[in-house]
Amino acid sequence: DPSDDGNWNSGNYIGLLSESTMDDFNSTAGNTIQWTGFQLEVGRNATEFEHRSYGEELALCQRYFQKIEATHNTVAASGHVYSGTTYVAIQATLNCPLRTQPTVSLSGLTIYSSAGSHSYSLTGANYVGNTTICNIMGTIGAGATAKDPLFFLGQVSGGSISLNAEL
């Protein structure tokens with residue numbers, strides 16, 4: 001807005017309004033231009049503008065990455081000892097299906113069973129496509145028994161499970 005009255009201007013403008021506007025814009029580091037309500041297209045023919053809700057945009061992004069966070073002593077995910085006394089499967093509930101098998105990383109979480117806390121080693125993830133469940137596979141230290149329920153709890157500073165399904 002060249003008058004700097006804080007109001008938006010409307011109209012069909014191509015480029016900046018004047019040479020002095022360009023000089024003023026370039027004279028200060030960190031200046032920004034904010035654009036809204038447009039889309040770029042390849043080719044000569046424009047298509048109808050796509051209006052998507054915030055929820056739809058979020059779901060499209062969450063197909064590629066989701067982070068399950070837990071504050072101190074809250075449950076991020078739960079599961080059980082499924083084989084012997086050390087092999088575990090933890091089920092992470094997702095907001096929407098992922099686009100492909102994710103890589104999983106854990107941060108700031110402690111795993112607990114009825115026997116107390118355990119050391120944990122992540123061995124992989126088993127994601128069944130087009131669902132909102134991801135089984136996080138791993139092993140735990142001694143102390144648990146077969147079929148014991150398990151919980152990932154956030155540590156004092158919180159914790160998270162990150163699921164990355166990028167291209």
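**Exercise 1.** In this predicted model, decide what kind of interaction joins the side chains of Arg52 and Glu57.

*Solution.* Step 1: the N to O distance between the side chains of Arg52 and Glu57 is 2.6 Å. Step 2: the cut-off for a salt bridge is 4 Å, from a side-chain nitrogen of Lys or Arg to a carboxyl oxygen of Asp or Glu. Step 3: Arg52 and Glu57 therefore form a salt bridge. Side chains of opposite charge can pair when their charged atoms come close.

**Exercise 2.** Find how many salt bridges the whole structure holds, and which residues they link.

*Solution.* Step 1: searching the whole structure gives 2 salt bridges. Step 2: one of them joins Arg52 to Glu57. Step 3: Arg52 also meets Glu50 in a salt bridge, at 3.7 Å from N to O.

**Exercise 3.** Classify Arg52 and Glu57 by relative accessibility.

*Solution.* Step 2: Arg52 has a relative accessible area of 40%, so Arg52 is partly exposed. Step 3: Glu57 stands at 32%, so Glu57 is also partly exposed.

**Exercise 4.** Locate Gln62, state whether Gln62 is buried or exposed, and list its contacts beyond four places in sequence.

*Solution.* Step 1: Gln62 belongs to helix H2, which covers residues 54-62. Step 2: the relative accessible area of Gln62 is 16%; because buried means under 20%, Gln62 is buried. Step 3: leaving out residues up to four places away in sequence, Gln62 touches Asn95, Cys96 and Leu98.

Conventions: Residues numbered from 1 in each chain as written. Predicted model: local features only at pLDDT ≥ 70, side-chain atom pairs only at ≥ 80, totals over all residues. Heavy atoms only, no water. Helix = DSSP H or I, 4+ residues; strand = E, 2+ residues; numbered from the N terminus. Buried < 20%, exposed > 50% of the residue type's maximum accessible area, 1.4 Å probe, protein only. Contact = heavy atoms within 4.5 Å.
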